[in-house]
Amino acid sequence: MTGHRIKNFDELATTENRKLALAIAEAGLDAIDTADVMVNSIEVKNNILKIKDKQFDLSKFKKIKVVGFGKASCEAAGALDKILGSKISEGVVIGLTKFTCDFIETFAGTHPRPSDMNIEAGKKIYDIVDQSNEDDLIIAIVSGGGSALLCYPESECAQGRQLYDVFLKCGQTISELNTVRKHISILKGGGLAKIAYPATVIG
């Protein structure tokens, strides 16, 4: 990366120790850059998809589908869109900001309270996994915030909004909130994988 991630780096770097601390912080941010992580972890060569230490023979699948949810999922989808290109049959991802992709549709939803946009994207994600079979490969991109952004059907979203408001007032933890969320959802807590069966799912 050129330049600094910390926009006022030069203004803050008034001593050597401060400059060093800022450089360490930027190195940490570089290490978790979504697009870089995707590019460094995923490779396609001779129709073999390699994700870290796992390999998948793409010739065994009729369709490759992408679904995703979470704050960083649209950026990750943008990187995956470039890596796989036209091998992707269809894809829908919801994050906080839309991303321009050629083969994956992206949505900007709301977080932490779900909205109609979350429902629209959730319905499309549901349809993709529900209409899959054993000849399909589904790549699921999941990142932080996914529990709020992935929302379907409308009744779950209405409950999700109420839950968030109640939990906010009584000081419960995010883990407790997510435990309740997955019990009222058809997609969370392993629901998406269950609906996708018998397709192959990579998370």
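Student: Is Glu156 buried or exposed?

Tutor: Glu156 is buried, with a relative accessible area of 4%. The general idea is a scale: buried means under 20% relative accessible area, exposed means over 50%, and partly exposed lies in between, using a 1.4 Å probe and protein chains only. Before we go on, please keep in mind that this is a predicted model, where local features need pLDDT of at least 70 and side-chain atom pairs count only at pLDDT 80 or more, while totals for chains, interfaces and linings use all residues. Residues are numbered from 1 along each chain as its sequence is written, and side-chain values use heavy atoms, leaving out hydrogens and water.

Student: Thanks! Which residue forms a salt bridge with Glu156?

Tutor: A salt bridge is a side-chain nitrogen of Lys or Arg within 4 Å of a carboxyl oxygen of Asp or Glu. Here the partner is Lys188, and the closest N and O atoms are 2.3 Å apart. Glu156 belongs to helix α7 (residues 154–170) and Lys188 to the loop between α8 (174–183) and α9 (191–196), so the pair ties together parts that are 32 residues apart in sequence. Lys188 is buried too, at a relative accessible area of 10%.

Student: How many salt bridges are there by this rule?

Tutor: The count comes to nine. One of them joins the side chains of Arg5 and Asp33, at 3.1 Å from N to O. Arg5 sits in the segment before α1 (9–12) and Asp33 in the loop between α2 (16–31) and α3 (34–41), so this pair ties together parts that are 28 residues apart in sequence.

Student: How do I read the helices and strands?

Tutor: Helices (H or I, at least four residues) and strands (E, at least two) are DSSP runs, numbered from the N terminus. The protein chain has nine helices and eight strands.

Student: What is the order of the strands in the open sheet?

Tutor: First the rule: two strands pair if DSSP finds at least two bridges between them. The open sheet has five strands in the order β6-β5-β4-β7-β8, with parallel pairing. β6 (105–108) and β8 (200–202) stand at the edges with a single partner strand each, so one side of each is left without a neighbour in the sheet. Neighbouring strands are turned by 15° against each other on average, direction ignored. Axes are lines fitted to C-alpha atoms, for helices over the stretch in contact, and angles run from 0 to 180 degrees between N-to-C directions.

Student: Let me look at β5. How many bridges pair it with β6?

Tutor: Strand β5 (residues 88–95) pairs with β6 over four bridges, in the parallel sense. You can find Ile94 opposite Phe107 in β6.

Student: Which strands does helix α4 lie across?

Tutor: Contact means heavy atoms within 4.5 Å. Helix α4 (residues 73–84) lies across β4 (63–69), β5, β6 and β7 (136–142), and runs at about 160° to β5. Helix α5 (residues 116–130) packs on the sheet as well, touching β4, β5, β6 and β7, with its direction at about 150° to that of β5.

Student: What links α5 to β6 through side chains?

Tutor: Glu105 and Lys124 meet in a salt bridge of 3.2 Å, N to O. Glu105 lies in strand β6 and Lys124 in helix α5, so parts 19 residues apart in sequence are tied together.
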